[in-house]
Amino acid sequence: MAIRRWVVLGLIVALVVAAGSAGQVARAADPIKIGLGMALTGGLSANGKPALLAMQIWKDDVNKRGGLLGRPVELIYYDDQTNPSTVPGIYTKLLDVDKVHLITSGYGTNLIAPLLPMAMERKLVLMGMFGLANNEKYQYPNYFQIQPAGQDPQTSTAIGFFELAAKQNPRPQTVAIVGADAEYPQNALVGARELIKKFGFKTVYDRTYPPNTTDYTPIVRAIKATNPDIVFIASYPPDSVGMLRAAHEVKLEPKMMGGGMVGLMFTTIMTSMGAQLNGIVNYDFWAPEPTFMAIPGIKEFLKEYQVRAEKEKVDTLGYYLPPYSYAMMQVLGQAVEATKGLDQQKIADHIRKTEFTTIVGKVKFGKNGEWATGRTLMVQYQKIDGSGVEQFRGPGKKVVLYPEEFKSGNLIYPYAAAKN
Amino acid sequence: MVSGLLLGGFYAAVSLGVSLIFGLLDIANIAQPAFLVLGAYAAYVMNNALGWDPIVSGLLFTPVFFLLGALVYRVYYASFERRGDEALRGLVFFFGLLFIMEVSLSLTFGVDYRLVQTAYTSKSYEIAGVGVALRYLVPCVVGLLMTLALYLFLGRTFYGRAIMAVSQDQGALRLMGANPVHIKTIAFGVGIAAAALAGALLISIAPVIPSADRDYIGRMFAITVLGGMGSIGGMLVAAIILGVAESLMSTFFGPSWSLAVSFGLLLLALAVRPQGLFGR
């Protein structure tokens with residue numbers, strides 16, 4: 001009788017242990033959930049969708065290799081409609097209902113702004129995607145931003161532009177600056193004003209315009225009337241096209257023009273604007289020049305991206321944001337693997353002190369969560385002929401002028417010489 | 001000043017449909033800007049596939065848009081107007097339609113900016129010492145012709161007069177043996193057909209994305225209200241006032257103030273004349 005009792009007890013213990021280990025097996029196979037809001041509709045969706053596609057490619061690549069910590073990775077995302085007011089609701093749902101383990105921001109400064117205080121309140125690691133100077137005021141130590149703006153993000157967009165201008169002979173003297181009334185252009189203009197002072201240029205025009213302006217010719221005419229040597233423009237895609245077309249119509253031909261024009265690097269805009277881009281000197285983050293194509297992993301990524309982008313009707317070349325979106329996920333994934341867990345503080349500490357190897361090169365973050373060393377490029381559109389997309393796949397059309405270590409060609413100066 | 005006049009002509013083309021549907025028929029079709037963007041995409045597709053000029057495409061698409069508009073009105077009538085639910089539920093219907101069209105365009109074309117190059121893009125001429133950009137001159141001329149055509153249609157044709165009558169007294173029109181629903185179907189169709197051509201003008205001026213409708217919704221209704229509900233001539237004057245105000249502010253006082261001053265003018269005009277400049 002006693003033996004039978006012991007056998008039953010033993011069976012119960014065995015069952016409990018088995019059930020426990022089964023539970024552990026189930027937990028080990030549970031996916032690691034990464035949550036985000038992304039601009040899939042609205043004004044920034046032209047960048048949001050390619051960014052999301054790059055993240056999905058990373059997820060697929062990681063899962064093919066067995067996932068993170070032996071667990072599959074799952075992306076949970078919602079459309080933030082390019083509307084900052086949707087961000088708190090989306091991330092509350094992601095954290096409290098979907099129970100995501102990690103978060104990243106959606107695309108852009110305006111969408112990161114409402115998320116940063118939430119991440120601070122909950123002490124989360126926050127990977128930021130292309131936000132300009134979001135952490136300047138907060139100095140939140142667990143925020144890491146993948147746009148290679150560097151330690152002084154406000155001047156990062158304009159620094160290459162004004163450094164190049166200052167080196168030209170004869171040296172330009174007067175500057176016109178203009179930008180949209182929105183967060184990114186305003187930050188870029190603040191940086192431009194600082195640099196104008198630093199390099200000793202004289203400002204002859206400094207104005208902003210509402211983002212939904214229809215006709216840019218009066219603005220460009222007013223700029224032309226001040227006869228500036230260089231024109232720095234901080235604009236979003238529709239205004240970039242509007243300003244450039246108006247400049248051609250009004251025959252505005254300063255010695256250098258461009259600077260902070262978002263959108264010129266988008267495939268549809270490059271192919272539609274064609275030769276009208278020639279001569280423009282503009283910021284960028286990536287170009288299919290030999291200096292970038294040599295980085296391991298980038299060719300494979302672009303090959304996969306371009307096939308999937310065609311099907312999903314998003315930016316077909318993917319040279320602007322997608323490599324950085326993928327790299328951001330590489331940083332997060334490598335940090336999870338290195339810390340062997342999902343502890344937010346340990347992951348943040350690891351990201352802060354480590355140099356990561358990614359498809360955009362080595363990434364090391366500085367004290368404000370921006371890249372320790374900035375790498376915003378200045379490129380010049382050169383020798384573009386017609387609207388064929390193939391010409392943009394190779395080098396020579398978007399020549400890197402700045403910084404020196406990524407330089408792939410020389411500035412054609414003045415603008416009129418490159419324009420024709 | 002010249003830039004403002006050209007912009008005003010374009011604004012007139014964009015606001016024509018609202019002036020007809022909202023101003024005359026008193027139907028708050030807030031989906032009108034989505035039809036405008038649909039017209040822009042139709043022109044983009046034809047330009048991209050066959051190299052057609054957007055204005056030619058816009059003209060060819062007007063019958064299709066007319067039928068689409070007639071269909072939308074019939075659904076609206078059967079679901080809301082006939083039951084007397086048009087005030088709030090009708091507004092929700094058009095709001096929903098706007099979002100459905102926006103999302104459908106996103107799914108079909110993606111969310112990239114789409115633009116076209118025409119023979120007149122980036123060309124300008126000096127006329128009496130004033131630089132005139134063809135990119136704005138052509139849409140302005142087309143906009144003025146559209147306004148003139150609608151003005152003549154409303155004043156000189158049987159259906160036009162019937163539309164004017166339906167806006168004033170549906171009961172009286174019924175007594176004359178005409179069917180107000182039939183007349184309103186035609187008027188709604190004409191308003192949506194105007195969006196096909198206006199959309200073609202839009203894409204020849206600026207890049208378009210599916211959500212571009214949001215940039216125009218305010219201007220369209222402001223121009224219609226400022227001109228006076230139902231007054232096509234008033235709409236044209238209001239469009240030119242807004243265009244000139246935006247342009248002059250951009251040139252002389254800084255572009256930041258342009259929209260604020262334009263809409264300030266609207267408020268001021270409405271404070272003095274609540275029925276609009278040419279409203280009765």
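In strand 10 of chain A of this predicted model, Val281(A) is the bridge partner of Gly258(A). The two residues belong to a parallel pairing of strand 9 (residues 256–261) with strand 10, made over two bridges; strands count as paired if DSSP finds at least two bridges between them. Helices (H or I, at least four residues) and strands (E, at least two) are DSSP runs, numbered from the N terminus. Residues are numbered from 1 along each chain as its sequence is written, while chains are lettered from A and ligands numbered from 1 in the order in which they are written. The model being predicted, local features need pLDDT of at least 70 and side-chain atom pairs count only at pLDDT 80 or more, whereas totals for chains, interfaces and linings use all residues.

Val281(A) also stands opposite Gln380(A) in strand 13 of chain A. Here strand 10 (residues 281–284) and strand 13 pair in the antiparallel sense, over four bridges. Strand 13 pairs with strand 14 (residues 398–402) of chain A as well, again antiparallel and over four bridges, and in strand 14 Tyr402(A) is the bridge partner of Met378(A).

What is the strand order of the open sheet of seven strands in chain A? The order is 7-6-8-9-10-13-14, with mixed pairing. Strand 7 and strand 14 stand at the edges with a single partner strand each, so one side of each has no neighbour in the sheet. From one strand to the next, the twist averages 25°. Helix 6 (residues 153–166) of chain A packs on the sheet, touching strand 8 (230–235), strand 9, strand 10, strand 13 and strand 14, and its direction makes about 165° with that of strand 9. Such angles run from 0 to 180 degrees between N-to-C directions, with axes being lines fitted to C-alpha atoms, for helices over the stretch in contact; residues are in contact if their C-beta atoms, placed from the backbone, lie within 7 Å.

Strand 13 (residues 377–381) of chain A is mostly covered, with five of its five residues buried. A residue is buried if 20 or more other C-beta atoms lie within 10 Å of its own, exposed if 12 or fewer, and partly exposed in between, with C-beta atoms placed from the backbone. Leu377(A), Val379(A) and Tyr381(A) point one way from this strand, and Met378(A) and Gln380(A) the other. In a regular strand the side chains alternate between the two faces of the sheet. Strand 11 forms a hairpin with strand 12 of chain A, with two residues between them, and Val363(A) in strand 12 is the bridge partner of Phe356(A).

Turning to the whole chain, chain A has 15 helices and 14 strands. Of its 420 residues, 54% count as buried, and its C-alpha trace spans about 105 × 40 × 35 Å along the principal axes.

The contact between chains takes 37 residues from chain A and 32 residues from chain B. Helix 9 of chain A gives the most to the side of chain A that touches chain B, with eight residues. In chain B, helix 2 is mostly covered, 15 of its 19 residues being buried, and Gly51(B), with a positive phi near 75°, follows this helix.

How values were computed. Two residues are in contact if their C-beta atoms, placed from the backbone, lie within 7 Å.
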